[in-house]
Amino acid sequence: MNATAEAMAIPTAVNAVPTTAAMPASIAIDCKLDKVFYGDFLAVRDSHVPIEKGKITGFIGPSGCGKSTVLRCLNRMNDLIKIFRFQGHVHFHGQDVYARNVDPVILRRYIGMVFQQPNPFTMSIFDNVAFGLRLNRFKGNLQEQVEKSLRRAALWDEVKDKLNNSGLSLSGGQQQRLCIARAIATEPSILLMDEPCSALDPVATRRIEELMIELKAKYTIALVTHNMQQAMRVADKTAFFGVDISKGGRTGYLVEMGDTQQIFENPKEDLTKKYIRGEFS
Ligand SMILES: Nc1ncnc2c1ncn2[C@@H]1O[C@H](COP(=O)(O)OP(=O)(O)OP(=O)(O)O)[C@@H](O)[C@H]1O
Ligand SMILES: [Mg+2]
């Protein structure tokens with residue numbers, strides 16, 4: 001492990017993390033995005049989105065309001081987009097995620113991601129789950145870690161007799177659970193999920209929702225969803241984003257954030273009320 005890796009290895013030791021009045025110990029990621037640009041386009045502004053430890057935070061809002069952009073800022077997935085830049089900060093357990101000594105590949109071991117479309121690699125079920133472990137030169141027992149991850153992702157019983165079959169041979173819902181197993185294999189502390197159920201049928205969706213609720217005992221989850229019922233069912237906190245068209249562009253911003261029940265039953269902002277009532281989408 002090089003010096004960079006060591007620098008980023010600190011965050012998992014939650015108790016050792018320095019906390020400040022501005023960032024209480026209950027916050028896993030303090031994300032404050034003043035401005036996010038793609039080239040000259042201002043995609044998101046004025047969004048302070050703290051992600052609480054051990055909770056599920058749902059991001060909701062109309063298409064194009066910046067939900068995925070904000071989510072991708074949390075583990076530097078936007079670094080892969082050349083024209084991306086931002087003003088603000090993202091602090092993960094008190095560490096600046098964008099500090100020059102932070103290796104994004106190491107960071108993503110701590111802040112894993114599950115995408116909208118299940119995307120198993122073209123390799124066996126076992127190798128899919130082992131992928132990140134091998135990449136990170138896992139020193140423990142690989143078989144045990146793969147089994148543990150598949151059990152946590154509620155997939156083990158369905159695949160234990162066919163671990164050498166291709167990950168692509170599984171059903172859509174199973175593939176998504178495989179991707180979750182792959183994401184949790186490296187023992188991240190945070191899981192980012194960008195509409196993880198939108199390609200799934202209702203039965204597979206409920207399965208993943210149940211799994212999210214189980215997983216939050218061990219992981220902090222940030223979840224982008226288009227489905228307001230899903231946010232109500234699983235999210236503890238909800239962040240509602242809107243789109244500002246007043247300056248001729250379409251810029252996303254955080255309208256309000258709070259306990260899910262408050263956002264859905266007693267929102268502070270009119271815009272939130274209208275969105276929840278389905279007056280626009
Ligand atoms: N790679 C990119 N390059 C340029 N503009 C982008 C890029 N990704 C997103 N955008 C723009 O940034 C804005 C926010 O997009 P984003 O994908 O974050 O929205 P979203 O809320 O996730 O939308 P949806 O609900 O449709 O997934 C949009 O105007 C989008 O066109
Ligand atoms: Mg999106």
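## Terms and numbering

A residue counts as buried if 20 or more other C-beta atoms lie within 10 Å of its own, as exposed if 12 or fewer do, and as partly exposed in between, with C-beta atoms placed from the backbone. This is a predicted model, in which local features need pLDDT of at least 70 and side-chain atom pairs count only at pLDDT 80 or more, while totals for chains, interfaces and linings use all residues. Residues are numbered from 1 along each chain as its sequence is written, and chains are lettered from A and ligands numbered from 1 in the order in which they are written.

## The chain as a whole

The chain has 11 helices and 10 strands. Helices (H or I, at least four residues) and strands (E, at least two) are DSSP runs, numbered from the N terminus. The C-alpha trace spans about 55 × 45 × 35 Å along its principal axes.

The radius of gyration of the chain is 19 Å, which agrees with the value near 19 Å for a compact globule of 281 residues. This radius is taken over C-alpha atoms, and the globule rule is 2.2 Å times the number of residues to the power 0.38. Of the 281 residues, 41% count as buried. Two residues are in contact if their C-beta atoms, placed from the backbone, lie within 7 Å. Among contacts between residues at least 6 apart in sequence, 70% join residues at least 24 apart.

Which residues of helix H4 (residues 125-135) are buried? They are Ile125, Asn128, Val129, Ala130, Gly132 and Leu133. These buried residues pack against helix H5 (142-152), helix H6 (156-159) and helix H7 (172-184). Arginine 137 follows H4 and has a positive phi, near 50 degrees.

A nonpolar core is a set of buried Ala, Val, Leu, Ile, Met, Phe, Trp, Tyr and Cys residues joined through C-beta atoms within 7 Å. The largest such core has 67 residues, and Leu191 and Leu223 have the most contacts inside it. Helix H7 gives the most to this core, with six residues. Leaving aside residues up to four places away in sequence, leucine 223 touches Ile56, Thr57, Gly58, Phe59, Met193, Met212, Val234 and Ala235.

Two strands pair if DSSP finds at least two bridges between them. S6 pairs with strand S7 (residues 190-194) in the parallel sense, over four bridges. Valine 114 has methionine 193 in S7 as its bridge partner.

## Around ligand 1

A residue is near a molecule or strand if its C-beta atom, placed from the backbone, lies within 6 Å of it. There are 14 residues around ligand 1, and Tyr38, Ala43, Ser63, Ser68 and Thr69 come nearest. Strand S2 (41-52) and helix H2 (67-74) are the elements that give two or more residues to this shell. The largest share, three residues, comes from H2.

## Two loop residues

Arginine 76 lies in the loop between H2 and strand S4 (84-92). Its phi is positive, near 60 degrees, in a residue other than glycine. Arginine 76 counts as partly exposed because it has 19 C-beta neighbours inside 10 Å.

Alanine 154 sits in the loop between H5 and H6. Although alanine 154 is not a glycine, its phi is positive, about 55 degrees. With 18 other C-beta atoms within 10 Å, alanine 154 is partly exposed.
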